[in-house]
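Try each task before you read its solution.

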Amino acid sequence: MTSAADLTPVTDAAPRVGVVMGSRSDFETLQGALDVLRNLGVAYEVRVLSAHRTPALLPTYGARAERLNFTCIIAGAGGAAHLPGMLAAFTRVPVLGVPVQSRALSGQDSLLSIVQMPAGVPVATFAIGAAGAKNAALFAAAMLATTDAAVRARLDAFRAAQTQGVLDEPFFDGHPQAGEA
């Protein structure tokens, strides 16, 4: 169940990243993106926008994202997954598409719907599911890090901690060298 805290931006600052999803059921997938953005101190906003049920809102949201100077929009959608592409058609703000895993085809339908954009309407497309959502947020942070020293420092710290975690435990149970130091 989604709580109000899950949707609360990390700061009161103006959002730098929009996070949209085709339906509330996509929230579970996009939760990882929100966690990453929150942990990296990136201000964001969250909306449910459906390419099929609220198509008239897409041009308005795209124009708003431009007016608010968003760095990018993370758009998650499942099934036919038209949201990222339709949104990209209405804005110059880069759209990062996250395919949501579907029941029928395990998200392959979502992936193909997002990745097969025609030339001229780009959508950066990430992996299916939670890993894709987290990577989209990390990609958004990397985009911001090119001009924001504070985000760059937090992203560098995240990457260093991730590296150190591997170095601290290079072996796994059953590894031939496990137990050696």
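**Exercise 1.** In what order do the five strands form the open sheet, and is the pairing parallel or antiparallel?

*Solution.* Before you start, note that this is a predicted model, in which local features need pLDDT of at least 70, side-chain atom pairs count only at pLDDT 80 or more, and totals for chains, interfaces and linings use all residues. Residues are numbered from 1 along each chain as its sequence is written, and side-chain values use heavy atoms, leaving out hydrogens and water.

Step 1: take strands as DSSP runs of E, at least two residues, and helices as runs of H or I, at least four, numbered from the N terminus. Step 2: call two strands paired if DSSP finds at least two bridges between them. Step 3: read off the order 2-1-3-4-5, with parallel pairing. Step 4: strand 2 (44-48) and strand 5 (124-125) each have a single partner strand, so one side of each is left without a neighbour in the sheet.

**Exercise 2.** Find how strand 1 pairs with strand 2.

*Solution.* Step 1: strand 1 (residues 17-21) pairs with strand 2 in the parallel sense over five bridges. Step 2: within strand 2, valine 46 is the bridge partner of valine 19.
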